[in-house]
Amino acid sequence: MYGLDAISANNGWSIAAVGIIIVFSGLVILAFVISQLHKVLAFIENPDRFGFLSRKKSIDETKESALPVLTKKQKEPARQLCLILDTMEDHFPLPKLIRMAEVSGLDQPYENLNNLLDTGIIEPDSDGFFLLNKDRFKKMVS
Amino acid sequence: MEHLFFEFFQNTGFYLCDYRNIIMILIGFIFIYLGIVKDYEPLLLVPIGFGMLVGNIPIFKGLGLGIYESNSVLHYLYFGVTQGIYPPLIFLGIGAMTDFSTLLARPILMLLGAAAQTGVFLTFLGALALGFDPKEAASIGIIGGADGPTAIFLTAKLAPELIGPIAVAAYSYMALVPVIQPPIMRLLTTRKERLIRMEEPRLVGKKEKIIFPIIAFLLCCFLAPAALPLLGMLCFGNLLKEAVVTERLAQTARTSLIDIATILLGLTVGASTQGDVFLTQDSIKIFVLGALSFAVATAAGLIFAKIMNIFLKTKINPLLGAAGVSAVPDSARVVQMVGQKEDPSNFLLMHAMAPNVSGVIGSAVAAGILWSFMA
């Protein structure tokens with residue numbers, strides 16, 4: 001048998017059509033997968049770059065993560081300063097706190113106060129006074 | 001005493017020779033000439049050409065000398081062809097020397113390799129129309145994949161009696177790619193299209209290059225499990241190369257191992273092309289179909305590239321479609337050559353390697369699909 005009859009008799013048209021479709025489909029899928037591969041690898045290595053999937057940090061959280069932390073040695077003087085602050089008003093002037101720390105016999109009051117300012121446990125208000133951030137104190141010192 | 005001389009003479013090649021031996025020996029000379037003097041695929045044509053000389057020395061059958069005699073050395077070496085051992089080993093070496101980064105940088109070019117495999121299936125139809133049975137037609141069709149090891153592998157499984165003419169046709173046309181492809185490329189593309197410059201590809205990371213052979217192997221073999229021996233070795237070889245820690249193994253695969261397999265494959269395939277088997281009407285049909293398959297595969301790749309350009313914002317040079325014919329790296333070099341004739345500063349070679357290596361994967365998948373249909 002020859003010609004188109006031979007092709008039809010041997011199911012040639014179907015074999016050719018299905019074969020081309022399968023080869024094409026396979027390579028299309030492979031091309032799609034490898035086109036996404038570098039994006040998947042980039043995501044695995046650096047998920048923070050992909051903002052829509054990472055937890056959105058608040059400005060405060062961002063600020064907080066940038067603040068230094070107290071060492072063990074610095075925590076005890078910080079507790080003592082805060083005990084002094086419990087006897088003062090909520091909004092206080094810094095010179096008064098230093099005077100009271102010196103009177104109480106606290107070691108190195110300026111340095112310890114500086115630590116509280118750096119860590120944000122004592123923060124300025126908008127009127128030129130300062131106040132104690134109790135949440136931050138609990139987190140960092142307790 | 002005269003009687004002894006005459007008996008001796010009756011066992012010589014001069015007495016046993018017929019015209020078919022002479023013709024095949026002359027064809028062997030031509031292959032060796034093309035390989036050594038013209039530098040057409042010498043690593044293939046020289047072993048095949050010399051194998052033709054070996055296989056067509058007229059011998060007295062029964063002495064265990066011929067390749068088809070079960071107790072001969074050549075027959076044992078030919079076992080690697082008939083059982084499909086050498087082609088996967090060659091693919092291991094090919095994987096260990098192939099850089100898939102241009103393909104990874106622009107995966108859409110993989111479709112050009114897929115389009116070129118149309119030549120396989122259209123040639124399959126042509127072979128059926130010429131009276132070949134389906135298994136023979138599938139073996140002839142795979143010539144269009146332009147991949148020698150794949151063609152030999154599939155033929156060994158489906159139609160081992162045609163290994164000789166199919167291998168000779170496949171490797172001959174692979175060597176003639178610089179002659180076959182350019183006229184088709186110029187016919188099917190305009191000058192404006194040939195002048196298109198490709199965008200610089202992105203840099204591909206090491207992890208991508210390592211993960212790709214694993215993913216490609218799993219995906220393609222889940223789709224066409226019959227492609228396992230060829231694709232498995234190709235991807236394994238590539239993984240050895242990209243992993244760096246296995247550089248020693250990759251080095252062996254792409255040097256000694258592939259060379260040993262190529263020598264034995266070429267020599268035994270050439271030796272299998274004996275006159276009485278090779279010089280038949282079927283061989284002439286196979287040669288004609290082989291030439292057509294290369295032409296159709298080239299045309300299919302070019303036309304598909306032009307179709308892609310209808311939908312793409314950034315156009316690709318349609319000449320890259322011709323590189324979907326997986327004669328690596330010759331068809332990529334032909335693309336470079338034709339492109340540079342129009343614009344000497346247009347470097348298409350690295351871009352053409354993407355469809356070129358994708359064609360290797362595509363032809364292995366096509367072979368797996370044909371094997372699974374015919375088995």
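1. **Loop with Pro329(B).** Pro329(B) sits in the chain B loop that runs between α19 (281–311) and α20 (330–342). Helices here are DSSP runs of H or I with at least four residues, strands are E runs of at least two, and both are numbered from the N terminus. The peptide bond leading from Val328(B) into Pro329(B) is cis, and its omega is near -5°.

2. **Basis of the model.** This is a predicted model, in which local features need pLDDT of at least 70, side-chain atom pairs count only at pLDDT 80 or more, and totals for chains, interfaces and linings use all residues. Residues are numbered from 1 along each chain as its sequence is written, while chains are lettered from A and ligands numbered from 1 in the order in which they are written.

3. **Confidence.** The complex gets an ipTM of 0.85 and a pTM of 0.75 from the predictor. In chain B the average pLDDT (the predictor's confidence in each residue, from 0 to 100) is 90. There, 100% of the residues score at least 70. Where pLDDT is low, predicted coordinates should not be read in detail.

4. **Asp39(B).** Check the backbone here. Asp39(B) is not a glycine, yet its phi is positive, near 60°. Asp39(B) lies in the loop between α3 (19–36) and α4 (42–55) of chain B. The residue is exposed, with 10 other C-beta atoms within 10 Å. The cut-offs: buried means 20 or more other C-beta atoms within 10 Å of a residue's own, exposed means 12 or fewer, and partly exposed is in between, with C-beta atoms placed from the backbone.

5. **Ala146(B).** Ala146(B) also has a positive phi, about 55°, without being a glycine. Its loop joins α10 (134–141) and α11 (148–158) of chain B. Ala146(B) counts as buried, with 33 C-beta neighbours inside 10 Å.

6. **Gly84(B).** The chain B loop between α5 (73–82) and α6 (86–97) holds Gly84(B). With 18 C-beta neighbours inside 10 Å, Gly84(B) is partly exposed. Leaving out residues up to four places away in sequence, Gly84(B) touches Phe153(B), Ala156(B), Lys157(B) and Pro229(B). Contact means C-beta atoms, placed from the backbone, within 7 Å. The C-alpha atoms of Gly84(B) and Leu230(B) are 9.6 Å apart, with the two residues 146 apart along the chain.

7. **Chain A.** Chain A has seven helices and two strands. Their order along the sequence is α-α-α-α-α-α-β-β-α. Of the 142 residues in chain A, 21% are buried. Among its contacts between residues at least 6 apart in sequence, 50% join residues at least 24 apart.

Note on methods:
Two residues are in contact if their C-beta atoms, placed from the backbone, lie within 7 Å.
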